[in-house]
Amino acid sequence: MEKKGKKIKLKKQFNDILFNLYKQGHGLPKHKNEHNSTPLIHSDSTHETYQANCRRFAKFCYEQGVKYDMNEAFKLIPAYGRKLESEGKSAWTVYTSICAIAKAYGVSTESLGYKPPKRERASIKRSRYATEMDKHFSVENNKNLITFCQCFGFRRREIASLTGDKMKRNENGVLFVRVQNGKGGKKRWAMFCGTPKEEKLVVDLMTQASSTKVFSHIHSKADIHGYRAVYASKLYKRYARPIESLERAEKYICRKDKAGIVYDRRAMKIVSKQLGHNRISVIASDYLHNV
């Protein structure tokens, strides 16, 4: 790409392409049938993640002598993927990098000439086991945040932007909190799931915050995904029916490392909706650890 006779480096080209996709898609919800197929970028976090990954890819291209030509850079994608694998990057990290590059080129990951390693649920350690990161986080000092997240299943950016005026009860008195900036720009009402004591804490925090943020700071070491998993398990147990009473079509039968475990599909759909997901397979693999 050239501009008035001046060559533009790959880093700037990637930056401009991704920013344009973000500018068009920011604040717009994905179509209900879209998962990863949307051509735009809908959230701040996705934009930042993709920008960072494309910058790293551009740096790799520079090291290979390709600084300006997007077509030549495209040919280096398989080598870059193999490099990430050789460095010991997790399958999830490699996949995110490849998705970012594919987004910038406006193509599917299948057209890149490189197949990322398979992502296995069993390889995930964060949110399931104690980690070095946990040593630098005080549960006592963050107990309100933890309780709040375990009662609603928020993502990090959702709890970070939550204000106290986004609360209501339905006709049955069930407490809900409004998520304004969910994944893909989606909005939803998240259902409370917890004890009466936890509900009082949540209401008090929301009332005190009023139109300001409920939490002014979210600790970087807080295991937000782990708190979502706690919420998912509690909500599933609330709605799950006895497995022996279900017809086969009403059951979700797990495979691979969870082979033999059976869940109630209806309860999974409820949990999926409350977490802001579209697929119940994600609920089984990433959230229902203690059911």
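This is a predicted model: local features need pLDDT of at least 70, side-chain atom pairs count only at pLDDT 80 or more; totals for chains, interfaces and linings use all residues.
Is Asp-16 buried, partly exposed or exposed? The points below take up this residue and several other features of the structure.

1. Asp-16 counts as partly exposed, because its relative accessibility is 33%, and a residue is called buried when that value is under 20% and exposed when it is over 50%.

2. Asp-16 is the partner of Lys-12 in a salt bridge, where the closest N and O atoms are 2.6 Å apart. Both residues belong to helix α1 (residues 10-25), in which they lie 4 residues apart, or about one turn of the helix. Lys-12, with a relative accessibility of 44%, likewise counts as partly exposed. Side chains of opposite charge can pair when their charged atoms come close.

3. For the chain as a whole, the secondary structure comes to 11 helices and 7 strands, and 41% of the 291 residues count as buried.

4. The structure holds 11 salt bridges, and a colleague may wish to look at one formed by Arg-155 and Glu-158, whose closest N and O atoms are 2.9 Å apart. Arg-155 and Glu-158 are both buried.

5. Another salt bridge is formed where the side chains of Arg-169 and Glu-199 meet, at 2.7 Å from N to O. Because Arg-169 lies in strand β3 (residues 167-169) and Glu-199 in helix α8 (residues 196-209), this pair ties together parts that are 30 residues apart in sequence. Arg-169 is partly exposed, its relative accessible area being 42%, and Glu-199, at 21% relative accessibility, also counts as partly exposed. Elsewhere among the charged residues, Arg-155, Glu-158 and Arg-188 are joined into one network by salt bridges that share partners.

6. Two packed helices are described by the angle between their axes and the distance between the axes. For helix α4 (residues 77-86) and helix α5 (residues 91-105), the axes come within 10 Å and cross at roughly 160°, so that α4 is roughly antiparallel to α5. The crossing of this pair is right-handed. On the α4 side the contact is made by Ile-77, Tyr-80, Leu-84 and Glu-85, which meet Val-94, Ser-97, Ile-98, Ile-101 and Tyr-105 of α5. Sorted by class, the contact of α4 with α5 has 7 nonpolar, 1 polar and 1 charged residues.

7. Helix α5 also packs against helix α2, and here the axes come within 8 Å and cross at roughly 90°; α2 and α5 are therefore roughly perpendicular to each other. The residues of α2 that take part are Thr-49, Tyr-50, Asn-53, Cys-54 and Phe-57, and they meet Thr-96, Ser-97, Cys-99, Ala-100, Ile-101, Lys-103 and Ala-104 in α5. By class, this contact of α2 with α5 has 7 nonpolar, 4 polar and 1 charged residues.

8. Lys-59 is found in α2 (residues 44-63) and is exposed, with a relative accessible area of 54%. Although Lys-59 and Leu-10 are 49 residues apart in sequence, their C-alpha atoms are 8.7 Å apart in space. Thr-46 is also found in helix α2, but at 27% relative accessibility Thr-46 counts as partly exposed. Between Thr-46 and Gly-184 there are 138 residues of separation in sequence and 8.7 Å in space, C-alpha to C-alpha.

9. A last point concerns backbone geometry. Most residues other than glycine have a negative phi, and most peptide bonds are trans. Ser-210, although it is not a glycine, has a positive phi of about 55°. The place of Ser-210 is in the loop between α8 and α9 (224-239), and at 42% relative accessibility Ser-210 counts as partly exposed.

Methods: Residues are numbered from 1 along each chain as its sequence is written. Side-chain values use heavy atoms; hydrogens and water are left out. Axes are lines fitted to C-alpha atoms, for helices over the stretch in contact, and angles run from 0 to 180 degrees between N-to-C directions. Helices (H or I, at least four residues) and strands (E, at least two) are DSSP runs, numbered from the N terminus. Angles under 35 degrees count as roughly parallel, over 145 as roughly antiparallel, 65 to 115 as roughly perpendicular and the rest as oblique. A crossing is left-handed if the near helix is turned anticlockwise from the far one by less than a right angle, and right-handed if clockwise. Contact means heavy atoms within 4.5 Å. Ala, Val, Leu, Ile, Met, Phe, Trp, Tyr, Cys and Pro count as nonpolar, Asp, Glu, Lys and Arg as charged, and the others, Gly among them, as polar. A salt bridge is a side-chain nitrogen of Lys or Arg within 4 Å of a carboxyl oxygen of Asp or Glu. Buried means under 20% relative accessible area, exposed over 50%, partly exposed in between (1.4 Å probe, protein chains only).
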